[in-house]
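Student: I have just opened this structure and would like a friendly tour. Could we go through it together?

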Amino acid sequence: MSARPMWVRTRAELRGQRHRRAHSCWDHLIVAPLWPKYGVNLGTLLRTCDAVGACMAVPHRPWIREALAKGNTLRRPSCVHWVNDPLGWLAAQRGDSDVVGVELTDESIRLVELRPARRRTVVVLGHESDGIPEDATTLLDTAVEIPMLGTGLSLNVAVAGSLVAYRLAGLV
């Protein structure tokens, strides 16, 4: 049995199917790596936010603006919310938003059980070594676990955030 060649879309065809400019703030899905460790992951995560129509919330730190600029290969402005006080900002999101943390807790649901967002949702991502700080876990409505079979303790922030963002956006 011979396989027939697949049609691979050209760059021009892909460009014609995509939005011509960056989306504005839809204020529906906000990916919040509030305790980032590595700048390179922020740029990758920002690109995922563009892909799923989400915004990103990041803390004000001197190195973050440069990390986002370096990692944003889209070369267009993206929706970024700047946070001065991560815990205070997170507490203020409660009530108007579902707050979903990517963290291993006794109450965590598996990623496959996570339903697409039906209202404004904030995805909280912690520090890659230490996770979401304990005082922030009390502000979560839901914790989601990404199952892993290997020997690693966690995925990096960009990968974990991307998986959850695609799920909440209803794209997988």
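Student: Is Ser162 buried or exposed?

Tutor: This is a predicted model in which local features need pLDDT of at least 70, side-chain atom pairs count only at pLDDT 80 or more, and totals for chains, interfaces and linings use all residues. Residues are numbered from 1 along each chain as its sequence is written, and side-chain values use heavy atoms, leaving out hydrogens and water. Buried means under 20% relative accessible area, exposed over 50%, partly exposed in between (1.4 Å probe, protein chains only). Because its relative accessibility is 15%, Ser162 counts as buried.

Student: Which residues is Ser162 in contact with, leaving aside its neighbours within four places in sequence?

Tutor: Ser162 sits in helix 6, which covers residues 157-168; helices (H or I, at least four residues) and strands (E, at least two) are DSSP runs, numbered from the N terminus. Contact means heavy atoms within 4.5 Å. With those neighbours set aside, the partners of Ser162 are Leu45 and Thr48.

Student: How many helices and strands are there in the protein?

Tutor: Reading from the N terminus, the elements run α-β-α-β-α-β-α-β-β-β-α-β-α. In total, the protein has 6 helices and 7 strands.

Student: What share of the contacts with a separation of 6 or more comes from residues 24 or more positions apart?

Tutor: Take the contacts in the protein with a separation of 6 or more. Among these, the share from residues 24 or more positions apart is 76%.

Student: What percentage of the residues in the protein is buried?

Tutor: The protein has 172 residues. Of these, the buried share is 41%.
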